[in-house]
Amino acid sequence: MDLRLPSKVLEHILSFVDSNEDRNSVSLVCKSWFETERRTRKRVIVRNCYAVTPAAVARRFPEMKSLTLKGKPHFADYNLVPDGWGGYVWPWIEAMAAKCPSLEELRLKRMVVTDECLEKIAASFKDFKVLVLTSCEGFSTDGLAAIAVACRNLRELELRECIVEDIGGDWLSYFPETLTSLVSLDFSCLDSEVKLSDLERLLSRSPNLKSLKLNRAVSLDALGSLLRLAPQLVELGTGSFSDKLDQEAVAKLSQAFSELKELKSLSGLWDVLPEYIPLLYSVCPGLTSLNLSYATVQMSDLVELITRCSNLQKLWVMDLIEDKGLEVVASSCKELRELRVFPSGAGLDETNVAMTEQGLVYVSEACPNLESVLYFCVQFTNTAMVTIARNRPNLKCFRLCVMEPFAPDHKTQKPLDEGFKAIVERCKDLQRLSVSGLLTDKAFEYIGTHGKKLRMLSIAFAGDSDLMLHHLLSGCESLNKLEIRDCPFGDTALLENAAKLKTMRSLWMSSCCVSFGACKLLSQKMPKLNVEVIDEHPLETRPDSSPVERIYIYRTLAGPRLDMPEFVWTIHKNPEIGVSHLAIK
Amino acid sequence: MENVGVCDEFVNLKATELRLGLPGTEDGGEEERQKVSCCKSNKRAFPETEKDIESTGKTETASPPKAQIVGWPPVRSYRKNNIQTKKNESEGQGMYVKVSMDGAPYLRKIDLTVYKQYPELMKLLENMFKFSVGKYCEREGYKDSEFVPTYEDKDGDWMLVGDVPWEMFVSSCKRLRIMKGSEAKGLGCGV
């Protein structure tokens, strides 16, 4: 008797299984489940574009409608990865154009996207709907024009913090009159001015537009007419908020804001003048997300806004908010889940405001749902971290950036080991952690012992020795991404814990004391990893004992990548070393 | 196992020694910094910073690193560029100088052009940092004050605030420092 579930039935069941994690489990059950699952997966996510080849992905998931790709390692955001390292999306677009022409959505993070890529997307995918580029670079506004003109059913076009060669604002006028399907448009990272009349016409024929994020060049004056054309907006990113308006214009703008009955998210507000803050009062009670991280206003003005935002779940702000302002956040925003405080200091190498660890303590005390924190602060104390941990054991993400490297607890002058110990001990569901300040190996012993759910860990200027790395690699069971810069450990811990690296997505180390010889050894020991040595200034001859500038190690099914620039070395460039030749422990 | 050496610049190999016991920090904070700067002697800014601390006599809590470190603090370039632009725009007018106070963990910045004379400036500083400064007299400076306002002029010399005419002060002041009275004994007397 055939006990197999008919594939049609399995297909139907799988249509309810959305999560890729679950689908991955399904595909491990047996061959027929693997086959059914792969033929029905619509949304494919590849978190390291070099872990697998485009052809393999296209072959496995022929019905793919949505593809998400991530390229460069996270520290590329902070200029630690030299230009030309890689992360090119072109091979992926080529492969998908050939094998999955019904692709509708492409979401890319930290990848190099050229105008050619955008033109190819426009030409190859007839039903293309969604393009979201985060922290990408390599294209110009001409590429955007290609997308605009050809994608008849475009729904989302979002450019989030991309570096774009801005040739002009014409690209917007390429959206045809027949395009009425727009749901989301984000061009906030572009510099040049778009034609207001083009934008107005686009809005008039986009009844489904829910999210609009303008760039800085869109004036306050223009904002009024745009809002009147799109009162149904759920997300708004304003342009510059600083022109001098006359009484009548202000009144009209105020009216326009009060018509935004669905607004949940507000951002932009560049250069906002304090006298215009009251314009926003009417939308505050409905807001769940507020991004003031580009609004250079003082604490007293920020507070006026925040007291009115009782439903806020996500707040991004600069340290201009000061401890006092965070006290107001604590008392007004009881629904707060995510808080990010960015530095405002000139040159970002010092702050000029009265914000200390106390601000975060206030928020941790009063906001029961707070689970994600990113906090830039000049210095911190262990007591504060212990208090925060005690108050908020439900933290999932804790990223503390003490801006002065090696800064100890500023009250006791001790390392911040005890503070981070409290965090990892109490916050049992902590998945992401960034540490900073003066830390000894002890801190990492604590993290290794308690950080069992930790998936991503970022470390800078910390620790004393190899023990630091050893504690982390041997202790953190769920560790997936580890990135380290400027820490004094060497080869031993890395080589001893090599097997761990197969269970992780990637490991980044820069300005540490790893030798070239260890990199070679590691490469031979672990053929399923790509061990990349990234050295912009390599020595003429590379003795085994010479330290490397950066090393990026990731597991991969794709083998050595074919697009390595000169300054990236892997063992495959020295085939004479071979796998069996050197002595392996 | 093949003896893979670590970088030769390491003065104190103890730092990389794997031990069975608990890693000790018996050496204390200062040496930690030195160990790390040995490792990266040609790249790190910190050796300069420590020299700086010694020469200006500032407390460690009041002096941030002077040199720029690549990728630090970890803020995306996009964000850095946008805040920088804003800063440049606002500094077109005004003369901003940094103000530090011994013992305070943060710096402030003030616009000197906003004030007309010394008393206004003093009042602001007193409010900002919650201290009070006694009366200024030409002969003895701020006698018996717990805190004394000083400034660094164009030539790099530390002067007592109030010694020179206001306009000259505004044009030559590079930064302000509110010093502990006990440390300011050398300034402003017997001139």
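Reader: Which strands each supply at least two residues of the lining of the second largest cavity?
Author: Rolling a probe the size of a water molecule over the atoms shows where empty space is left. A cavity is a set of points, on a 1 Å grid over the protein atoms alone, where a 1.4 Å probe fits but cannot get out, and lining residues have an atom within 4 Å of a point. Here strand S19 (481-485) and strand S20 (506-510) of chain A each supply at least two, and S19(A) gives the most, with three residues. Strands (E, at least two residues) and helices (H or I, at least four) are DSSP runs, numbered from the N terminus. This is a predicted model, where local features need pLDDT of at least 70, side-chain atom pairs count only at pLDDT 80 or more, and totals for chains, interfaces and linings use all residues. Residues are numbered from 1 along each chain as its sequence is written, chains are lettered from A and ligands numbered from 1 in the order in which they are written, and side-chain values use heavy atoms, with hydrogens and water left out.

Reader: Which residues lie nearest the centre of the second largest cavity?
Author: Of its 16 lining residues, A:Pro73, A:His74, A:Lys481, A:Ser506 and A:Tyr552 do. About 150 Å³ of space lies inside, a volume being the space filled by probe spheres set on the points, which are joined across faces, edges and corners.

Reader: How many cavities of 30 Å³ or more does a search of the whole structure find?
Author: The search finds twelve.

Note on methods
1 Å grid on protein atoms, 1.4 Å probe; cavity = no way out; pocket = protein on both sides within 12 Å on 5 of 7 lines; lining within 4 Å.
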